[in-house]
Amino acid sequence: MTGYLLRRLAGALAVVLVLTAVVYATFYIAPGDPARLACGPRCNPEQIAQVRAQLSLDDPVHTQYWHFLQGLVTGHDYSTGAGVLHCDAPCFGLSYQNNQQVTDMLVERLPATASLAVGAMAVWLLLGTGTGLLSALRRGGITERVLTWLTLAGTATPVFISGLGLLMLFCAYLAWLPFPTYVPLTDDPEQWAWNMLLPWAALGLLESAKYARLTRSSLLETLAEDHIRTFRAYGATERSLVGRHALRGAVAPVIALSAADFGSMFGNAVLTEMMFGLPGIGQLLVHATTTLDLPVVVAVVTVTGTAVVLANIVADVLHAAADRRVVLR
Amino acid sequence: MTPQPLVAVDGLSVAFPAGPGPEAGSHPTAGLVRAVDDLSFTLRPGAALGIVGESGSGKSTAAYALLGLHRGTGAHVTGSVRVAGHDVQAADDAALRRLRGGTAAMVFQDPLSSLDPYRAVGDQIAEVHRLHHRGASRRAARARAAEVLDRVGIPDAARRARLRPHEFSGGMRQRALIAMALACAPRLLVADEPTTALDVTVQDQILGLLRELREENGMGLILVTHDLGVAADSVDELLVMKDGRAVEHGPVRDVLGAPREPYSRELLAAVPRITERRQRPAGADADGEVLLEATALRREFGRGKQTVTAVEGTSLTVRAGETVGIVGESGSGKTTLGRMLVRLLEPTGGELYYRGRSIGGLKERELRAFRSELQMVFQDPVSSLNPRRSIGESIADPLRAAGKLGEAQIVGRVRELLERVGLDPAAYHRYPHEFSGGQRQRVGIARALAPEPKLIVCDEPVSALDVTTQAQVVRLLGELQRDLGIALVFIAHDLAVVRQVSDRLVVMRGGRIVEEGPADDVYERPRHAYTQALLAAVPTLERPATTAGHGPAA
């Protein structure tokens, strides 16, 4: 088990390294001049050249990449006009735009995105798998029909439409909730939850129909297996057939897909973040990409990539724990 | 006449909605397929009845009705079924659940898929026990599970009870399913093909166990099987079914010894007999040139510590026009050997010569020249044909791969082949699901014949088929060999079938050849102890017939 985890983590590291290298290469090829953008519209060529030298943009791309890797492992010292700015070990460098430490920016932005992803996953697991279970077991009931309709509508509607609808309904018209502003969990857990409620709902709904369909088909498939028939022939009730025997097999693909989706939320939840004004890393990424702020882009890609590969490792371990036939190696 | 029979079935009919969707069932009779039609029989307490028939004869459907397992499936069940005095049709759900397991327990086919893969075998048995003994504690139920596992002959039962089904062998899983039935102490055991997935020696043990348990507990037994040999050894009465109807019903000696109905006679005649010598087709020559020669072939799977040697040091010669039979139990390496012979698998060690040329280590590109001459027919004609392509296209594949013929010639040749294997040439555009098992196997044979091979390895070509279909396919293979002079390697676990087709026989065990020789010698004078044990375990029809004083059926 330990050996397996070490191997998987090494693999994950390799994937993230390749990812960062690709981002560097893409930036090198892409048109546009980060120095000009960083310097501002009224800079003259000398000033731009100065900024370019300061940002080490004159170095060959592999040297820049090497410095980036060095910074990650050992930290980096930057000479500013006044003195030396030290950037601690997992150093993603300084933003081209405002010389802020990228690591600090990430630490500041990550909690909002993580809050969003966790809550949205809870929504799609509850609503999606719940609807799926209902539609597998009591097809045609009124609850099942309403829920199926709701999940389909949620998935079919772009998040900036459904988000707007939710805001209008709950904040403006019914006035049950305040217009969301992000309150960190550590400051006030209750306010955090109230303010995150609508973003969770919007993003969770978006994913829920997929989970409803997956749960339904997976459960129906498991219920048709021979071992279910065995226990039915020994007088087990339908409830225990589902609860004890079928569910365990049926959740395996749901776990796997959830893990992949959870990881990708870190990069893909940007629309929801923007809709609800959440200071998350998705927004950071969009802004950094438009201004060619390479250190920030690489840092965000590193974080999202890490989230995706780690979530997949967790899913595989969970799958093996649920099904003893699965051998991790 | 006993006062109350254990099972009384009267005028039972089961019909399933035909075609896709349950809508077809909206009319009471239209669009229904009758699986069981007006079936009646009774079983005295402690007696044993065998229900035999080919696949699709309705025998399993009838067995399911005994436990009310058709309820809620959309099947239309009419007639009356009484088990131990309970009216199965009229019982409410709770009463039916008490009956299932508590009064009548079912032992299913395919012991791997019939157990919950996620939970320990002992826990599953304990759960079933607690369903019928409400007061039993978890601990007591676990103890009971270990007890019944021990009773069915699982060694070290208390420890093994904690293992998952995949950690059991096939025979142990089947024992565990029987233990599950025992855990509730039922009065009736309904066994649906309980030994079909097992090797002959294990089958022999399981049938012996069922006999012992009946004597010990006075349980009634209904044994559903397609194998007349299995039924002959284990039951008192036999019910022959065809197309949902009872064709013949009587004491097992009478039905097997002097069948009255033509269908019973036909079924009996088709059963391959281990004493039956091969009829060599006239004009065939067994001393042809050496086609294939394997020396000390070895094949390993896995790497490092997990390496398993599937085949070890096997040497074999196949001559043109002869049939070499390979028998052995599951895991003996016979399929691995067969696949190496046609180079679907690369040998890890040893030499393989085809017409004097070493092909053991050739790369895929170099092998291409030999591919068409070495073909394979697979066991499962369902999964070895692409369900989304017409059978004509499937047969044409090897011809297209060879790239020698034009499109029109290929279509012509495929039609010829279809006719050659006894199918309608117009079936070219039909899909595998439209054919029966036997017809599909004919398609598989036509596909193997397409590139005009010199040798075909048939891996369990008839084990998924009914006896009558089996006989037809075996006959077809014999004709093809006679007409085309093909060499056959015939792999099977059924010793009687192998005898009918083989000139020479190879017996494998644990990846090695333990005995080899002319088929008649090996069957009549087996030298190796393992071959003797294998042959002794084969169930035969003759035993009850001879005790009854009748000669074997014609």
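Visitor: Why does B:Glu216 count as partly exposed?

Guide: This is a predicted model, and the values are computed from it. B:Glu216 has 48% relative accessibility. Partly exposed lies between the buried cut-off, under 20%, and the exposed cut-off, over 50%. So B:Glu216 counts as partly exposed.

Visitor: What makes B:Arg151 and B:Glu216 a salt bridge?

Guide: The closest N and O atoms of B:Arg151 and B:Glu216 are 2.8 Å apart. The cut-off is within 4 Å, for a side-chain nitrogen of Lys or Arg and a carboxyl oxygen of Asp or Glu. The pair therefore forms a salt bridge.

Visitor: Why is this pair said to tie parts together?

Guide: B:Arg151 lies in helix H4 of chain B, and B:Glu216 lies in helix H7 of chain B. The parts are 65 residues apart in sequence, so the pair ties them together. B:Arg151 has 26% relative accessibility, so B:Arg151 counts as partly exposed.

Visitor: Which residue does B:Arg499 meet in a salt bridge?

Guide: The side chain of B:Arg499 meets that of B:Glu524, at 2.7 Å from N to O. B:Arg499 is in helix H17 (residues 495-501) and B:Glu524 in helix H18 (residues 519-524) of chain B, so this pair ties together parts 25 residues apart in sequence.

Visitor: Are B:Arg499 and B:Glu524 buried or partly exposed?

Guide: Take them in turn. B:Arg499 has 2% relative accessibility, so B:Arg499 counts as buried. B:Glu524 has 36%, so B:Glu524 counts as partly exposed.

Visitor: What makes B:Glu516 and B:Arg504 a salt bridge?

Guide: The closest N and O atoms of B:Glu516 and B:Arg504 are 3.3 Å apart. The cut-off is within 4 Å, so the pair passes. B:Glu516 is in strand S20 and B:Arg504 in strand S19 of chain B, 12 residues apart. B:Glu516 has 31% relative accessibility, so B:Glu516 counts as partly exposed.

Visitor: How many residues of chain B are in contact with chain A?

Guide: 29 residues of chain B are in contact with 21 residues of chain A. The two chains bury about 2400 Å² between them, 56% of it on carbon and sulfur atoms. B:Arg97, B:Tyr118 and B:Glu127 supply 26% of the area that chain B buries against chain A, more than any other three residues.

Visitor: How many residues does the largest nonpolar core have?

Guide: The largest core has 70 residues. Those with the most contacts inside it are B:Ile125, B:Leu149, B:Leu228 and B:Leu238. H6(B) gives the most to this core, with 9 residues. Apart from it lies another core of 54 residues, among them A:Leu55 and A:Met265. In soluble globular proteins, nonpolar side chains tend to be buried together.

Visitor: What is B:Leu149 in contact with, leaving aside its neighbours within four places in sequence?

Guide: B:Leu149 is in contact with residues including B:Val121, B:Ile125, B:Ile154 and B:Ala176.

Visitor: Why is B:Leu399 called buried?

Guide: B:Leu399 has a relative accessible area of 6%. The cut-off for buried is under 20%, so B:Leu399 is buried. B:Leu399 is found in helix H13 of chain B. Leaving aside neighbours within four places in sequence, its contacts include B:Leu405, B:Ile410 and B:Val414.

Visitor: Is A:Ala153 buried or partly exposed?

Guide: A:Ala153 has a relative accessible area of 25%, so A:Ala153 is partly exposed. Its place is in helix H6 of chain A.

Terms used. Residues numbered from 1 in each chain as written. Chains lettered and ligands numbered in written order. Predicted model: local features only at pLDDT ≥ 70, side-chain atom pairs only at ≥ 80, totals over all residues. Heavy atoms only, no water. Contact = heavy atoms within 4.5 Å. Buried area = accessible area lost by both parts, 1.4 Å probe. Core = buried A, V, L, I, M, F, W, Y, C linked by side-chain atoms within 4.5 Å. Buried < 20%, exposed > 50% of the residue type's maximum accessible area, 1.4 Å probe, protein only. Helix = DSSP H or I, 4+ residues; strand = E, 2+ residues; numbered from the N terminus.
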